[in-house]
Amino acid sequence: MAYGLSFDVAHLLAGSLVLVSFLMITQHRLYSLLNAFALQAVLLSASVAWQAYVQHAPHLYVTAFIALVFKAIIVPVGLHRIIQRLGIHREIETVIGSGITMLVGMGLVALSMTVMLKVTPEADPLAREDLAFALSVVLLGLLMMVSRRNAVSQVVGFMSLENGLVLAAAGARGMPLVVEISVAFSVLIAFFVIGVFLFRIRERFDTVDVQALDRFRGERR
Amino acid sequence: MELISALLVQMMQMLLVLAAAPLLTGFVRKVKARLLRRRGPPIIQPYRDILRLLKKEVVVADNASWIFRVAPYVIFATTWVAAALVPTFATGLLFSWSADLIAIIALLASARFFLALAGMDVGTAFGGIGSSREVMIASLAEPAMLLIVFTMALVARSTQLSVVADLFSTFGVGLRVSLGMALLGLIIVAIAENGRIPVDNPATHLELTMVHEAMVLEYSGRHLAMIELAAAVKLLLYVSLIGCIFLPWTLAGPDSPTAAHLAGFILYLGKLAALGFMLAVFETAIAKMRVFRLPDFVGGALMLGLLGTLLLFVSRSL
């Protein structure tokens, strides 16, 4: 309980990350989804920077900077332009209702917390808590990928999943900078590839609704 | 002697909530009118309305049962008692030890139960619609409120409002993201429970949108006066609740001198004015929601409460 200010601030930032993940699940419009994603990236970079300050690990500042530049600026702006070019800034459909999605998300958060607290009894409380929150951010990103039909919001779900991974890595002490940078670049490359794919899907099927792919494979009538 | 003075302070608090409630309603209406560049009715208009209603004769439908006649008094009494339990200008009042926050929620819930019954009693279509909508909103708002209470109880280790307020005023709780979530959730619940604008429009009589007004459509005279006064007291209750939990620094302690009580009293009026002003600005800036979008809005409060409790649970079990 009483770990002082450093724990409280880390708790605040990581907790807000989970909250923004929930915000993203409940957003119905693509633009507000992107704004929420950018906000999550800013929070992530603040959280990582705080870890750097607490752990006296200067290389984490680089991670925070990478998160800020790539995830909070480049990726949202790029997705913004993709949405504009595709002309799909209308309402997105969700596969299941937002109420059920929210309840499932709550269940996932509870699950990840119980699992993480059981698995890591000996670790540093700061790292334990970061791991628990990071796992819930990852699971919420996965939930977003399965609950959305629109390919763009699935991409956002994937990116927010990656946010959770970075949070876990920052809390776990000692992820080398090389890994860090290569992860960041692979995410960026994945972003480009996905962007190209989006346009290809659009050209082929006249939509980015992935149900069209299911129909094409003959899985649904 | 001590008992008598404690009783006096408690009586003062009960009279204060009763006297200040229509004033708050009138103030919010006035600010809303001014923001829309209308002049608006004078601030004391709700008092005049209630007095006029008290003088008028009561018209009761032929097929109304005793529930219809009893309900206004039950609603008013439970709401008033609940409001008397929330610390307004001082903590540790005489009655505050007899009931905690959960009891306050239960009192408000029984008031809502009787209101919904009365709405259905005469058998008009509007009453039925209003009751069903009110219960739909309540079925989400009430668990949300309970979860918010659990969040605060986990931090303060008590559901007594006086204890919570005393603890929060000493900065002894540190930085807690759960409390921020609890505040947001409490604001959403307060808006939903009082039928303010994104949920229900308190000024409308348009059939398709009304919730609270649809239930009380059959009431007249002193019955209507009781219900209107209860609604005003309920708004004051929620505003004082937010003020006492999240702005507890102006509350006078249980055995502080009279001057502290007086200062707490004046600062309480200031708090009411500030929060009422913010409510009016919020209501002016936002549009009414469709009824079927309400579960998303009020469900947000439920989610915030649940998440706040979960996060606290994590930091507690480390």
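Two residues are in contact if their C-beta atoms, placed from the backbone, lie within 7 Å. By that criterion, the contact between the two chains of this predicted model takes 17 residues from chain B and 23 residues from chain A.

## The interface

On the side of chain B that touches chain A, the elements that give two or more residues are helix H7 (177-193) and helix H11 (294-317) of chain B. H11(B) gives the most to this side, with 12 residues. By residue class, the side of chain B that touches chain A divides into 11 nonpolar, four polar and two charged residues.

One residue can be followed across the boundary. Leaving aside residues up to four places away in sequence, Leu307(B) touches Val18(A), Leu19(A), Phe22(A) and Val109(A), and also Met181(B). Leu307(B) also belongs to the largest nonpolar core, which has 157 residues. Leu236(B) and Leu307(B) are the residues with the most contacts inside that core. Helix H9 (residues 221-246) of chain B gives the most to this core, with 17 residues.

As for confidence, the predictor gives the complex an ipTM of 0.76 and a pTM of 0.87. Chain B averages a pLDDT of 88, and 97% of the residues in chain B score at least 70.

## The two chains

Chain A has eight helices and zero strands, and its pattern along the sequence reads α-α-α-α-α-α-α-α. Chain B has 11 helices and, again, zero strands; its pattern along the sequence is α-α-α-α-α-α-α-α-α-α-α.

| Item | Box of C-alpha atoms | Buried residues |
|---|---|---|
| Chain A | roughly 55 × 35 × 25 Å | 40% of 221 residues |
| Chain B | roughly 60 × 45 × 45 Å | 48% of 318 residues |

The radius of gyration of chain A is 18 Å, which agrees with the value near 17 Å that a compact globule of 221 residues would have. For chain B, a compact globule of 318 residues would have a radius of gyration near 20 Å, and the chain has 20 Å, so the two agree.

Contacts within the chains can be sorted by sequence separation. In chain A, among contacts with a separation of 6 or more, residues 24 or more positions apart account for 73%. In chain B, 80% of the contacts between residues at least 6 apart in sequence join residues at least 24 apart.

## Helices of chain A

Helix H2 (residues 30-55) has 26 residues and, at 1.5 Å a residue, should span 38 Å; its end C-alpha atoms are 37 Å apart, which agrees. Helix H6 (residues 151-171) has 21 residues and should span 30 Å at 1.5 Å a residue, in agreement with the 31 Å between its end C-alpha atoms. H6(A) is mostly covered, since 17 of its 21 residues are buried.

## Individual residues

Most residues other than glycine have a negative phi. Two exceptions follow, one in each chain.

His56(A) follows H2(A) and lies in the loop between H2 and helix H3 (59-86) of chain A. Its phi is near 55°, a positive value in a residue other than glycine. His56(A) counts as exposed because 7 other C-beta atoms lie within 10 Å, where the limit for an exposed residue is 12 or fewer.

Arg37(B) is not a glycine, yet has a positive phi of about 60°. This residue lies in the loop between H1 and helix H2 (45-55) of chain B. Arg37(B) is exposed, with 7 other C-beta atoms within 10 Å.

Met11(B) has its place in helix H1 (residues 2-35) of chain B. With 13 C-beta neighbours inside 10 Å, Met11(B) counts as partly exposed, because a residue is exposed at 12 or fewer and buried at 20 or more. Met11(B) and Phe95(B) are 84 residues apart in sequence, while their C-alpha atoms are 9.9 Å apart in space.

Definitions and conventions: Residues are numbered from 1 along each chain as its sequence is written. Chains are lettered from A and ligands numbered from 1 in the order in which they are written. This is a predicted model: local features need pLDDT of at least 70, side-chain atom pairs count only at pLDDT 80 or more; totals for chains, interfaces and linings use all residues. Helices (H or I, at least four residues) and strands (E, at least two) are DSSP runs, numbered from the N terminus. Ala, Val, Leu, Ile, Met, Phe, Trp, Tyr, Cys and Pro count as nonpolar, Asp, Glu, Lys and Arg as charged, and the others, Gly among them, as polar. The expected span of a helix is 1.5 Å times one less than its number of residues. The radius of gyration is taken over C-alpha atoms; the globule rule is 2.2 Å times the number of residues to the power 0.38. pLDDT is the predictor's confidence in each residue, from 0 to 100. A nonpolar core is a set of buried Ala, Val, Leu, Ile, Met, Phe, Trp, Tyr and Cys residues joined through C-beta atoms within 7 Å.
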